[in-house]
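Colleague: I have not seen this structure before. Please take me through it one point at a time.

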Amino acid sequence: MNAPPGFFKAAWIVARKDLRIEGRTKETLAASLLFALVTLVVFAFAFGIDTIKRMGSPQVIPGILWVTVAFSAIVGFTRSFRLERDRSAFVAVAMAPIDRGAVFAGKWIANVVLLIAIEAILLPLTAVFFDADIVTPAGPLALVVLVHTLGLAALGTLFGGVVSRLGRGEALLATLLLPAATPLFLSAVQCTSSALDGRLADARTWLLLSAGLDVLYVLVALLVFDALMED
């Protein structure tokens with residue numbers, strides 16, 4: 001009889017399964033990107049290039065970028081547990097001989113990868129729509145996006161699991177996620193603005209705060225996910 005996989009191996013199995021399904025269907029990626037594209041077009045039409053040049057892209061783009069990321073992510077997080085919910089597979093997952101925290105970790109990794117893929121497409125599109133230079137500050141900008149994506153994905157994965165267990169959709173997820181993620185979004189806007197301005201060092205405190213929130217969100221999610229699977 002084979003021994004059950006350890007925490008990290010089980011997490012990798014869950015993440016690989018989710019990413020393989022998404023790679024085959026591309027449903028979540030397509031839905032999130034379509035939503036993001038429509039949002040960017042609406043913002044670009046509302047502001048106009050003249051307004052953005054007058055105000056400066058570091059003041060305009062961060063808010064638009066993270067609002068777009070937030071709502072696109074909600075679409076993805078809602079679908080994160082869709083397979084388990086549609087096939088009533090939560091019981092099977094709960095009874096599997098693996099650490100239930102590994103299920104959260106696997107889902108979180110898959111959501112981080114998908115969110116980064118969406119952001120990798122969103123950033124160039126934002127630069128095109130709003131005439132911004134993201135090549136010069138590419139390094140600091142990538143760091144800012146990564147740090148805030150880790151925390152956002154942790155919260156989204158946890159609340160995505162809660163919403164799926166309750167059989168509810170995007171509305172409840174947004175109600176739970178957006179208030180909890182507000183400190184992360186405030187930091188993301190501040191850090192992105194500083195990165196675009198070439199002064200990320202000035203936002204060091206915000207970046208450290210976000211890194212701390214990432215750790216806190218992941219630890220809390222690992223602790224409560226077991227109870228979520230029990231209910």
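**Overall form**

Colleague: Which radius of gyration does the protein have, next to that of a compact globule with 231 residues?
Modeller: A compact globule with 231 residues would have a radius near 17 Å, and the protein agrees with that. The radius is taken over C-alpha atoms, and the globule rule is 2.2 Å times the number of residues to the power 0.38. For the protein, the radius of gyration is 18 Å.

Colleague: What should I know about the model, and what does the C-alpha trace span along its principal axes?
Modeller: This is a predicted model, in which local features need pLDDT of at least 70 and side-chain atom pairs count only at pLDDT 80 or more, while totals for chains, interfaces and linings use all residues. Residues are numbered from 1 along each chain as its sequence is written, and side-chain values use heavy atoms, with hydrogens and water left out. Along the principal axes, the C-alpha trace spans about 65 × 35 × 30 Å.

Colleague: How many helices does the protein have?
Modeller: Helices (H or I, at least four residues) and strands (E, at least two) are DSSP runs, numbered from the N terminus. The elements run α-α-α-α-α-α-α-α-α-α-α from that end. With 0 strands, the number of helices is 11.

Colleague: What percentage of the residues is buried?
Modeller: Buried means under 20% relative accessible area, exposed over 50%, and partly exposed in between (1.4 Å probe, protein chains only). Of the 231 residues in the protein, the buried part is 45%.

Colleague: What share of the contacts with a separation of 6 or more joins residues 24 or more positions apart?
Modeller: A contact means heavy atoms within 4.5 Å. Among the contacts with a separation of 6 or more, the share from residues 24 or more positions apart is 83%.

**Aromatic pairs**

Colleague: How many aromatic pairs are there?
Modeller: Rings of Phe, Tyr and Trp (its six-membered ring) pair if their centres lie within 6.5 Å; planes under 30 degrees apart are stacked, over 60 edge-to-face, and the rest tilted. By this rule, the count of aromatic pairs is 2.

Colleague: How many residues apart in sequence are the parts tied together by Phe104 and Phe225?
Modeller: Phe104 and Phe225 form a tilted pair, 5.8 Å centre to centre with 50° between the planes. Phe104 lies in helix 7 (residues 100-129) and Phe225 in helix 11 (residues 204-230). Phe104 is buried at 0% relative accessibility, and Phe225 is also buried at 0%. Because the two residues sit in these two helices, the pair ties together parts whose separation in residues is 121.

Colleague: Which residues does Gly160 touch?
Modeller: Gly160 lies in helix 8 (residues 138-166) and is buried, with a relative accessible area of 1%. Not counting residues up to four places away in sequence, Gly160 touches Phe77, Phe81 and Leu173.

Colleague: Which residues does Val147 touch?
Modeller: Val147 also lies in helix 8, and it is buried at a relative accessible area of 13%. Leaving out residues up to four places away in sequence, Val147 touches Leu207, Ser210, Ala211 and Asp214.

Colleague: Which helix supplies the largest share of the lining of the second largest cavity?
Modeller: On a 1 Å grid over the protein atoms alone, a cavity is a set of points where a 1.4 Å probe fits but cannot get out, and lining residues have an atom within 4 Å of a point. Gly76 and Phe77 are among the lining residues of the second largest cavity. Helix 2 (27-47), helix 4 (57-80) and helix 7 each supply at least two residues. The largest share, 4 residues, comes from helix 7.

**A loop residue**

Colleague: What is phi of Lys26 near?
Modeller: Lys26 lies in the loop between helix 1 (7-25) and helix 2, and it is partly exposed, with a relative accessible area of 46%. Phi of Lys26 is positive in a residue other than glycine, near 55°.

Notes:
On a 1 Å grid over the protein atoms alone, a cavity is a set of points where a 1.4 Å probe fits but cannot get out, and a pocket is an open set with protein on both sides within 12 Å along at least five of seven lines; lining residues have an atom within 4 Å of a point.
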